[in-house]
Amino acid sequence: MKEGIQLPTIVVVGDQSSGKSSVLESLAGINLPRGQGICTRVPLIMRLQDNPDTDRPELYLEFHGKVVPTDEDHVSKAINAATDEMAGPGKGILNAPLTLVVKKDGVPDLTMVDLPGITRVPVHGQPENIYEQISEMIMEYIRPEESIILNVLSATVDFSTCESIRMSQMVDKTGRRTLAVVTKADKAPEGLLEKVTADDVNIGLGYVCVRNRIGDESYEEARLEEAKLFHTHPLLCKIDKSIVSVPVLAQKLTQIQATIMAKCLPEIVKKINDKLNANVAELKRMPKNLSSVAEAMTAFMQILGSAKESLRKVLVRGEFDEYPEEKNMHCTARLVKMLNQYSDELQNCAENDPRTNFLLEELEVLEEAKGIGLPNFLPRTAFLTILQGKVKGILSKPPSFVARVWDYIEGVVIRVLMRHSENYPQLQSSTRRAASNLINKMKEKAMDRMMESVEMEKLADYTCNPEYLLEWNKLMSQQNTFMDAIEHVSKPSNIVLQGIGEVDVADLRHRKQQIQEAFDLKMRITAYWKIVLRRLVDSMALHLLFSVQNLVNNDMEKEIVGELIGPNGSGGIERMLEEAPSVAAKRDKLNRSIKLLRESLAVVGKIMDRIGTDGDYYD
């Protein structure tokens, strides 16, 4: 269970003071904590192992990753001390297991979990929700199909009213994995035979009636008194001898555990092997302890090389096999999406709608740009004035895009670097800092480049793109239609111009002077503005590709190396020689897990050999 593998387990449940601890004492032949109220405050996992070759019993506790040896005379105090250390002094409970291993001649080979007795009314020092806490703990242990429920019932009560019966029926309605042990048979012998034979509460694995040790009796004396009770008592002697006494209970539990183990073993072995192989592979992937600066440098360059290759995959080549489920790491697709979004933002900017105040701005600019000269020449000043106004209208878009795209790239770069350096946490802060510094520098360069492009578009009007003239000629082919609407006031004032949309010319009919020059200027700006917007997107895309290539192939390595081993470096390489506590803890945890899993395989192997030899456990 420590490794997350559910094993067949006997879970001991019962109402408070039903005699749970006494039953476990009788099975193990040792003294467990007793007293008023809740004695068991944490799940007590008892591993009993028959060991006829030992001269003296071997007992020890396991909790919080440590082993505490004890003996039969002091085991009760040791359990109390461990419980107080785990759950604190007082009467509160804690759902953290305490394991007691008992290796002793004559005990049955059993693993049982003793849980706190069920109580509805909190006593002084207990939380108000003590019942809910205990119920939740019990349900967690009895819910798995591999669990065998050992329901301890007092002969002095009506079985159907027992809270433990109600809980076990919630997860095992037919009772096929529930065994009941009836305690205090000597105190309520009347009607006990009818109770255990009628089975009104669906106990599928049957009942066993026992007499627990009383007072200072030794366990041997208690067994003799038990045998005498069920043999001579006028009522109890009528109960079938196959369902009375602690030895019968031990035998039944051993058989039941062996049966369920036999059924579950193949799957258990598979799970143990899967977990073992996974842990061994993970341990191999962990970094070895570095003993020299040369080894540290080699490890560092390997980390840097693997990180660069991962970044080439995701940022340059568009491969995402290392992050198949993380769409945010499918970088080329995300960058294309950002560029398309940027293009849409430019195209759909309100200032770019050619229908807004159609020709009014052009007429005003032409009026102010008049000069002494021939009347049929469009002044370049007018064109540049309108162009600069349109550029000013989109001025906030390029910087916003640059910041957004480089923030995304920074997140990707740091994500990749942290993944490849996760085994050396002492490298991560320096690496992260170097990456952030580099991205900030590249963001500034990109911002400068973008603003240069914007400024150039404001200062100059030039393109060799033939689409400009093609688009202008197409737009100008509608001039006659436009002038016809201007001249004939009887016609509708709304007209549709291809490449512009629907416009209202009513306000233009009384401003016929320079109207043809204004129309020409509008069409020139419209055709040229498409080129400008495309150029802003294309130049940014090219600069982005160029910058990312430099980042991955050259700049990142220089920046990180400079941060760690340059003249002003942080000494990260030397710190690699000191294994981080988190890595050391992980290595220790994996080694302990592998050791435990291998031991478990050996134990399971012996059980399978024994089952194969005896052949009696397969039903």
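Is N357 buried or exposed? At 51% relative accessibility, N357 counts as exposed, where exposed means over 50% relative accessible area, buried under 20%, and partly exposed in between (1.4 Å probe, protein chains only). The model behind this value is a predicted one, in which local features need pLDDT of at least 70 and side-chain atom pairs count only at pLDDT 80 or more, while totals for chains, interfaces and linings use all residues. Residues are numbered from 1 along each chain as its sequence is written, and side-chain values rest on heavy atoms, with hydrogens and water left out.

Most residues other than glycine have a negative phi. In N357, which is not a glycine, phi is positive, near 45°. This residue is found in the loop between helix 9 (331-347) and helix 10 (360-368); helices here are DSSP runs of H or I with at least four residues, strands are runs of E with at least two, and both are numbered from the N terminus. H64 is another case, with a positive phi of about 50° although it is not a glycine. Its place is the loop between strand 3 (58-63) and strand 4 (66-70), and at 54% relative accessibility H64 counts as exposed.

A positive phi turns up in a hairpin as well. Strand 10 (residues 494-497) and strand 11 (residues 501-504) run antiparallel and are joined by 4 bridges; two strands are taken to pair if DSSP finds at least two bridges between them. The hairpin has 3 residues between its strands, and G499 takes a positive phi near 90° there. Across the pair, V496 has E502 of strand 11 as its bridge partner, and I495 stands opposite V503.

On to the charged side chains. A search of the whole structure turns up 38 salt bridges, each being a side-chain nitrogen of Lys or Arg within 4 Å of a carboxyl oxygen of Asp or Glu. One of them joins K308 to E557, at 2.6 Å from N to O. K308 sits in helix 8 (residues 293-317) and E557 in helix 16 (residues 515-565), so this pair ties together parts that are 249 residues apart in sequence. K308 is buried, with a relative accessible area of 10%, while E557 counts as partly exposed at 25%.

K443 and D407 form another salt bridge, their closest N and O atoms being 2.7 Å apart. Here too distant parts of the chain are linked: K443 belongs to helix 13 (residues 425-459) and D407 to helix 12 (residues 397-420), 36 residues apart. With a relative accessible area of 17%, K443 is buried; D407, at 41%, counts as partly exposed. Salt bridges that share partners also join E309, R312, R317 and E319 into one network.

E62 is in strand 3 and R47 in strand 2, 15 residues apart, and the pair links distant parts of the chain. E62 counts as buried at 17% relative accessibility, and R47 as partly exposed at 26%.

Strand 2 (residues 44-50) is also the place of D50. This residue is partly exposed, with a relative accessible area of 36%. Together with D53, D105 and D109, D50 forms a negative surface patch. Such patches are made of residues with over 30% relative accessible area and no salt bridge, like charges being joined within 9 Å and nonpolar side chains (Val, Leu, Ile, Met, Phe, Trp, Tyr) within 5 Å. Lys and Arg count as positive and Asp and Glu as negative, with His and the chain ends not counted.

Finally, there is R211, in the loop between strand 9 (207-209) and helix 6 (219-232). At 9% relative accessibility, R211 counts as buried. R211 and Q255 are 44 residues apart in sequence, and their C-alpha atoms are 21 Å apart in space.

Technical notes. Areas by Shrake-Rupley, 256 points an atom, 1.4 Å probe, with all protein chains shown as cover. Charge placed at Lys NZ, Arg CZ, Asp CG, Glu CD.
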